Amino acid sequence: MKSIKNFYQKFINSKKVAPYIFVSPFIIVFLVFYLYPIISTIIMSFQEIGFGEAEFIGLENYKKLFNVHYKNALLTSTNYTFWTILILVPLPILLAVLLNSDKTKFKNFFRSAIFMPALTSVIVAGMFFRYAFGEQASTLANSLIGLLGIGPITWLQDSIPAMIALVILCVWRWLGVNIIYFLSGLQGIPDAIYEAADIDGANSWDKFKYITIPSLKPVIIYVITISVFGGYKMFAESYAYWQTATPNDIGMTIVSYIYQTGFNNFNMGFASAIGITLLLIVLVVNLIQLNLFGLFKKED
Amino acid sequence: MSVKQVKLTVVVIILAFFAFFALAPFFFMLVSSFKPGDQIIKNGISARLDLDIMTFKNYKTLFTERNGIYLYWYKNSVLITTIQTAVAVFLSSLVGYGLAVYDFKGKNILFVLVLILMMVPIEILILPLYKLSITLKIIDTYAGVMLPFIVPPVAVFFFRQFAVGLPMELIDAARIDGASEFGIFFKIMMPLMKPAFGAMIILQAMFSWNAFVWPLIVLRSNENFTLPIGLASLITPYGNSYDMLFSGAVISVVPIIILFMFKQNSFISGLTVGGVKG
């Protein structure tokens, strides 16, 4: 008995075996909760799945992708991604530069205040914005545009105002987080570079353009990458505004479409095909970003 | 005022504008939480305060409505967040440490896999995960909510980056003294990784507390809902528990805000995980 225990202890403690025990939780989770589901989605995407039985139907599910709902979902997700990146990269860079200056007053307060929305769940934030974007003339959103002389809008029932409402919700929750990313990037730029530029007579704009932006490039790439993923996987925001059914597909994203198809209409095969297209988008973006980071060069 | 002072004032005004944009919704949520729920549903959230219709009743209904269903949601959220955070952080520290400290076959492939999975949104896999949960009989259970996220790649990456910087001489010295590999991890390295644990615990806790998409799919019965799912279930045209909507939302945000007040730096270092690529 003792020798078995001894052998066992020596075995799991040997330098050959111990590393695999350390990393085994990841391997198990990868196999069970990533690899297996990915393979099973791929298989399901070629099947017609009824109650209990599945039948291979070749590319039928993929052919069905050429419909107006998928196009709407793809457009909504793409637009959303585009607008959130267009706002959530330049704006936080500007605010981070302001917050990084030694001369700025109350900067800790400002940083914390702008970060606070990130603490809320999408649902809590979405509930607020859903009712703030109500169609009545007295709601917050309509009162605000009223100040500009614009009449009340039915925000969540038209596609353009609905997109604005989605983007504002996203900007509200993520502005502070992106500021933190850029702040940490800014803090990595040595002061000496700026001092050298001062000696050469560079003005603030030159310094921003020729030192700050190039130095922030890795952070900018990172933020754009996570924004692309965040944008294309967006679902909870749409759910908070419209649940799962929207008139004319307003606010319906790719993931909302997967949810509707899979869980409301129980068309698992077709839903899987939609999921695969999303997976491909994500993989392509992933490869591009890993390439930009030069990961494949380093790894040999 | 000199040009410089004008510039500094403009900076403060810009920042104050965005701070206002960030904080105003909290104020209006708080105000709404004191107003009758059906009023909010009917009229939306307005800029008016309407002090005369404000009441504490909404907070009382959290305890009474539908046999205190809100308290179930709260309990579920607290338990799931606690268990998931503890297990996920522990397991990812093991993996991250293993990837950082040892040389073994397949190590590079595993690390690239971590980097790739960090970016794969779980939303893509909801359908097959749902089927898998039915097969594994973990649908509508705590385990179902937690298991797919029990070794988050982001946390693995963070621990790996942190552990690369640990003093390797200590490990060799401990080996000479006859310490086992796991003894070294638990007794020597884990205490040294304390700052990384702080940041990851907070990040994970926030993630679990606010998790929405997967719990929405895996949790089926009302009394098993977590707070975000429960609150989302209140927003229906046929609902009758609207009073709980904003009082429930406010009470669900409070713990995270309190934690943030005390542990701001851990929040920030946890969130900037991916920003600093090693």
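Colleague: What volume does the largest pocket have?
Modeller: This is a predicted model, in which local features need pLDDT of at least 70 and side-chain atom pairs count only at pLDDT 80 or more, while totals for chains, interfaces and linings use all residues. A pocket is an open set of points on a 1 Å grid over the protein atoms alone, where a 1.4 Å probe fits, with protein on both sides within 12 Å along at least five of seven lines. Volume is the space filled by probe spheres set on the points, joined across faces, edges and corners. For the largest pocket this is about 1200 Å³.

Colleague: How many residues line the largest pocket?
Modeller: Lining residues have an atom within 4 Å of a point. Val97(A), Asn100(A), Ser101(A), Asp102(A) and Lys103(A) lie nearest the centre, and the lining counts 29 residues.

Colleague: How do the residues of that lining divide into nonpolar, polar and charged?
Modeller: Asp, Glu, Lys and Arg count as charged, Ala, Val, Leu, Ile, Met, Phe, Trp, Tyr, Cys and Pro as nonpolar, and the others, Gly among them, as polar. The lining of the largest pocket has 12 nonpolar, 7 polar and 10 charged.

Colleague: Which helix gives the most to the lining of the second largest pocket?
Modeller: That pocket holds about 680 Å³ of space, and Phe21(B) is one of the residues nearest its centre. Helices are DSSP runs (H or I, at least four residues), numbered from the N terminus. With 7 residues, the most is given by helix 1 of chain B.

Colleague: How many charged residues does the lining of the second largest pocket have?
Modeller: By class, 22 residues are nonpolar and 1 is polar, and the number of charged residues is none.

Notes: Residues are numbered from 1 along each chain as its sequence is written. Chains are lettered from A and ligands numbered from 1 in the order in which they are written. Side-chain values use heavy atoms; hydrogens and water are left out. Helices (H or I, at least four residues) and strands (E, at least two) are DSSP runs, numbered from the N terminus.
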